[in-house]
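Work through the following exercises with the sequence and the coordinates at hand, and try each task before reading its solution.

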Amino acid sequence: MPRSSRAPGAALPFALWNELALRTGEMLLASAQVIGHRTHRMAKAGHNPGLRDRREFSRMGLEKVEAAGESMWAMGQQLTTANLQLAMRAWQDAAAAGTAWMSLSGSRTLPQLMQRQTQWTRTLSQSAQSATRMAEVTARAAKHGLKPIHSRATANAKRLGRR
């Protein structure tokens, strides 16, 4: 179920994780169907499987290796582009929060304290936004990693269900 619009603010990571959970459930259901079908087929074939069965059994191993490789590649691409940006932002947020905290503790007047507390609160808010972006990036990486496995499992469930 593709999404054309993004959920606002802090809800976005929740929406992404929710979609990932739904896709994972879908993939698990399809995998259970495929495993049941193939296990039945193996038991039925016995010690001397026919050509069609041998092809299906060979396909099982190959598609798992391919899906795992594609999954790792997709997650690696997602995390590579985001890691440097997120690490830099986290460092900047930590430095800004520390500076704001030290500035707050050094206040001498009430107006100065209030101004510095406002700055510290703003800095903490930015830090929370960075954490939200990190959750979003992680969910997107997991989603990209699940895609090759999900697509194979659901395609196999459809293909094997027709037989």
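**Exercise 1: a histidine and its surroundings**

Determine in which helix His-37 lies, and whether it is buried or exposed or in between.

Solution. His-37 has its place in helix H1, where helices are DSSP runs of H or I with at least four residues, numbered from the N terminus. The model is a predicted one, in which local features need pLDDT of at least 70 and side-chain atom pairs count only at pLDDT 80 or more, while totals for chains, interfaces and linings use all residues. Residues are numbered from 1 along each chain as its sequence is written, and side-chain values use heavy atoms, leaving out hydrogens and water. Because its relative accessibility is 23%, His-37 counts as partly exposed (buried is under 20% relative accessible area, exposed over 50%, partly exposed in between, with a 1.4 Å probe and protein chains only).

**Exercise 2: a glutamate in H2**

Classify Glu-63 as buried or exposed, and find which residues it touches.

Solution. Glu-63 belongs to helix H2, residues 51–105, and counts as buried because its relative accessibility is 10%. Leaving aside residues up to four places away in sequence, Glu-63 touches Arg-38, Arg-152 and Asn-156, contact meaning heavy atoms within 4.5 Å.

Methods. Helices (H or I, at least four residues) and strands (E, at least two) are DSSP runs, numbered from the N terminus.
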